[in-house]
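Could you walk me through this chain, from its overall layout down to a few residues that deserve a look? Happy to do that.

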Amino acid sequence: MNSGWLNLVWKRTVHHKVTAKKYPQVNIKDVVLQKPSYGFRRQRKPLISQGVKDTLFPNSEIAKRYVEAGKPVPIKYRTNSDHISRRNFMKYQDEIANNKPHFKVGEKKVYFPKGRICLLEPDAKYGPYQARFLVPKAMNKMDLRDYLWHIYGLRALTVTSQLTPAYFTRGPFDLARSRRPQLKIMTIEMEQPFIWPENSPAIKSLLSTTKGEGNEANELATAINSDKLKPNDAYGGMYLTPELPNAFIPNNFKRLGSKTNENYYKQLETKPDRKLVKDFLGL
């Protein structure tokens, strides 16, 4: 019993490790990279429905090709969706030709909307047929579509919305966390392209200088410790504090200065009287 236990321990302590010299020699040409995980993969022919492209109403064309091939038409292509889509498309074309709204207008009338809508400058990933708006969080896609149509006559073909994440920030003086406001941005697609106008060189230079001075003023305004005493030269020295006189004056010098000031002001007060006396006496 003891010998068996010792053999088991001895076997567990032995680790078989093959050195690099004893590795099997493999030819690089025989190595197949990215070989299939299982068996032979048969190449299947593309489906009949995958050959129908460049058409607004593909269901009827796909069903026709299935019938010509002598195969049963799939259930999803037997619907009447093409007829409904063609009817909606013709209605949409008539509404655009007659300058009418291409959507159902709401019945509730709002004359003075309180929401503030701001047009944003497009990024590089947005094309000329797209526009972005910063809208209130309570506004939905239909509200923006109605607003743009009735106020500016702009036809929004599609509307997508996005909520920016509200990040946490910490204050410069404590470790308390605060959440930034969450913004709602909507993107629309338009019929006509719109190119954002370029700023003039004077406006670009003004914006660059204003941005730099604003960043400098903000850094010094939120500075901590000894950085608060740095001079703030932003905006032409608008935030510079006036230089105060030295308040640390010895008491003896203060008494002497106060007496000198009193004597000086007394001489000023008696000067016109002495002049009148000299004129009266003819001196």
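Predicted model: local features only at pLDDT ≥ 70, side-chain atom pairs only at ≥ 80, totals over all residues.

Residues are numbered from 1 along each chain as its sequence is written, and side-chain values use heavy atoms, with hydrogens and water left out.

**The chain as a whole**

The chain holds seven helices and six strands; these are DSSP runs numbered from the N terminus, with helices (H or I) of at least four residues and strands (E) of at least two. In sequence order the pattern is α-α-α-β-β-α-β-β-β-β-α-α-α. Of the 283 residues, 14% are buried, where buried means under 20% relative accessible area, exposed means over 50%, and partly exposed is in between (1.4 Å probe, protein chains only). The chain exposes about 25,600 Å², and carbon and sulfur atoms supply 57% of that area, computed by the Shrake-Rupley method with a 1.4 Å probe. Among contacts (heavy atoms within 4.5 Å) with a separation of 6 or more, 51% join residues 24 or more positions apart.

**The largest pocket**

A pocket here is an open set of points on a 1 Å grid over the protein atoms alone, where a 1.4 Å probe fits and protein lies on both sides within 12 Å along at least five of seven lines; lining residues have an atom within 4 Å of a point. The largest pocket contains about 640 Å³ of space. Its lining has 18 residues, and Lys 108, Val 110, Asp 143, Asp 146 and Tyr 147 lie nearest the centre. By class, the lining of the largest pocket comprises nine nonpolar, three polar and six charged residues. Ala, Val, Leu, Ile, Met, Phe, Trp, Tyr, Cys and Pro count as nonpolar, Asp, Glu, Lys and Arg as charged, and the others, Gly among them, as polar.

| Helix | Number of residues | First to last C-alpha | Expected span |
|---|---|---|---|
| H3 (81-97) | 17 residues | 24 Å | 24 Å |
| H4 (141-152) | 12 residues | 16 Å | 16 Å |

In H4, Leu 144, Asp 146, Tyr 147, Leu 148 and Trp 149 are buried. The buried residues of H4 pack against strands S2 (130-135), S3 (158-163) and S6 (184-189). Asp 146 touches Phe 103 and Gly 106, leaving aside residues up to four places away in sequence. Asp 143 also belongs to H4, but counts as partly exposed at 36% relative accessibility. The C-alpha atoms of Asp 143 and Gly 106 are 9.0 Å apart, although 37 residues separate them along the chain.

**Two loop residues with positive phi**

Most residues other than glycine have a negative phi. Asp 54, which is not a glycine, has a positive phi of about 55°. Asp 54 sits in the loop between helix H1 (2-13) and helix H2 (58-68), and is exposed, with a relative accessible area of 84%. Asn 99 likewise has a positive phi, near 55°. Asn 99 follows H3, in the loop between H3 and strand S1 (118-120), and is exposed at 58% relative accessible area.

Methods:
Expected span 1.5 Å × (residues − 1). Points joined across faces, edges and corners; volume = space filled by probe spheres on them.
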